[in-house]
There are 2 protein chains.
Amino acid sequence: MIIRIEPESDIPIYTQLSNHIIEGIARGELHPGDSLPSVRSFAADLGVNMHTVSKSYHQLEKKGIIRIVPKSGAIIRSQDELRKDGTHDELFMEALRPVIAEALVAGLTRQQIDTLVAAVINDFKGKA
Amino acid sequence: MIIRIEPESDIPIYTQLSNHIIEGIARGELHPGDSLPSVRSFAADLGVNMHTVSKSYHQLEKKGIIRIVPKSGAIIRSQDELRKDGTHDELFMEALRPVIAEALVAGLTRQQIDTLVAAVINDFKGKA
């Protein structure tokens with residue numbers, strides 16, 4: 001899995017890293033039960049501060065994506081654990097709101113938005 | 001328009017402010033041609049640093065949402081100006097990707113995602 005960090009982005013680097021990991025899981029490149037690299041080695045690989053990787057892991061833990069186990073490190077939660085949290089709909093809508101707002105302001109129609117949403121889902125899942 | 005800044009959020013404060021402004025336009029509470037408050041008065045109203053408001057305005061200018069006019073301040077672009085930029089689809093998909101990935105990892109189905117996207121659009125546009 002190739003992770004490209006964009007230092008100039010408006011998105012904080014630790015959130016970029018979290019997003020890459022979540023997208024890797026969605027794409028099936030990372031799997032429930034997989035261990036993520038240690039903070040030290042991941043930071044060295046990416047050329048970022050250890051604090052940045054640690055902050056990303058805590059963000060992923062807060063989102064319920066990984067468990068942090070003392071000595072074993074960061075482990076992607078099982079499918080069942082990922083799905084048991086009941087607040088996904090609200091969190092999803094919260095994250096969606098600014099993205100949809102910007103599309104509407106740019107003049108995209110409901111149909112165009114639906115088409116682009118479907119395209120992004122297909123990128124992850126394949127056309128099912 | 002009520003703007004609530006969440007200092008504890010993973011989203012930088014200046015981006016939260018930009019998002020609120022974009023959502024205000026999408027919701028029809030702010031209009032093309034409207035002036036935004038001066039950096040100084042907006043910062044005082046929100047209880048944030050002037051640098052934060054200034055950074056938000058530059059982010060909105062970069063996104064093509066406002067024009068910054070010396071002495072006149074920040075003005076929301078006209079409908080035509082907002083819509084002329086051709087790269088909206090790509091920017092939208094870029095912003096959408098991590099949000100959709102997280103929903104898929106949480107086990108939301110394609111149908112559930114479509115329903116929630118429609119709900120968010122309805123929040124802005126009314127059921128048309």
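Trainee: In E2(B), which residue is the bridge partner of B:Arg67?

Mentor: The model under discussion is a predicted one. Strand E1 (residues 66–69) of chain B pairs with strand E2 (residues 73–76) of chain B in the antiparallel sense, over four bridges. In E2(B), the residue bridged to B:Arg67 is B:Ile75.

Trainee: What is the phi of B:Lys71 in the turn of the hairpin?

Mentor: E1(B) and E2(B) make up a hairpin, and three residues stand between the two strands. B:Lys71 belongs to that turn, and its phi is positive, at about 75 degrees.

Trainee: Which element gives the largest share of the side of chain A that touches chain B?

Mentor: In the contact between the chains, 39 residues of chain A meet 39 residues of chain B. The elements of chain A that give two or more residues to this side are helix H1 (13–26), helix H4 (79–83), helix H5 (88–105) and helix H6 (110–125). By class, the side of chain A that touches chain B has 26 nonpolar, five polar and eight charged residues. The largest share of that side, 15 residues, comes from H5(A).

Trainee: How are the two copies related?

Mentor: Chain A is superposed on chain B by a rotation of 180 degrees, with 0.0 Å of shift along the axis and an RMSD of 0.0 Å. Both copies use the same surface, since 100% of the contact residues of chain A recur in chain B. The copies are therefore related as by a two-fold rotation axis.

Trainee: With which residues of chain B is A:Val105 in contact?

Mentor: A:Val105 is among the residues with the most contacts inside the largest nonpolar core, which has 58 residues. B:Ile100, B:Ala103 and B:Val105 are also among those residues. Leaving aside neighbours within four places in sequence, the contacts of A:Val105 are B:Ile22, B:Ile25, B:Ala26, B:Ile65 and B:Leu82.

Trainee: What distance separates the centres of domain 1 of chain A and domain 2 of chain A?

Mentor: Chain A is divided into domain 1 (13–83) and domain 2 (88–125). Taken over C-alpha atoms, the centres of domain 1 and domain 2 of chain A are separated by 25 Å.

Technical notes. Residues are numbered from 1 along each chain as its sequence is written. Chains are lettered from A and ligands numbered from 1 in the order in which they are written. This is a predicted model: local features need pLDDT of at least 70, side-chain atom pairs count only at pLDDT 80 or more; totals for chains, interfaces and linings use all residues. A nonpolar core is a set of buried Ala, Val, Leu, Ile, Met, Phe, Trp, Tyr and Cys residues joined through C-beta atoms within 7 Å. A residue is buried if 20 or more other C-beta atoms lie within 10 Å of its own, exposed if 12 or fewer, and partly exposed in between; C-beta atoms are placed from the backbone. Two residues are in contact if their C-beta atoms, placed from the backbone, lie within 7 Å. Ala, Val, Leu, Ile, Met, Phe, Trp, Tyr, Cys and Pro count as nonpolar, Asp, Glu, Lys and Arg as charged, and the others, Gly among them, as polar. Domain bounds come from an automatic or database domain assignment. Two strands pair if DSSP finds at least two bridges between them. Copies are superposed by least squares on the C-alpha atoms of residues with pLDDT of at least 70 in both.
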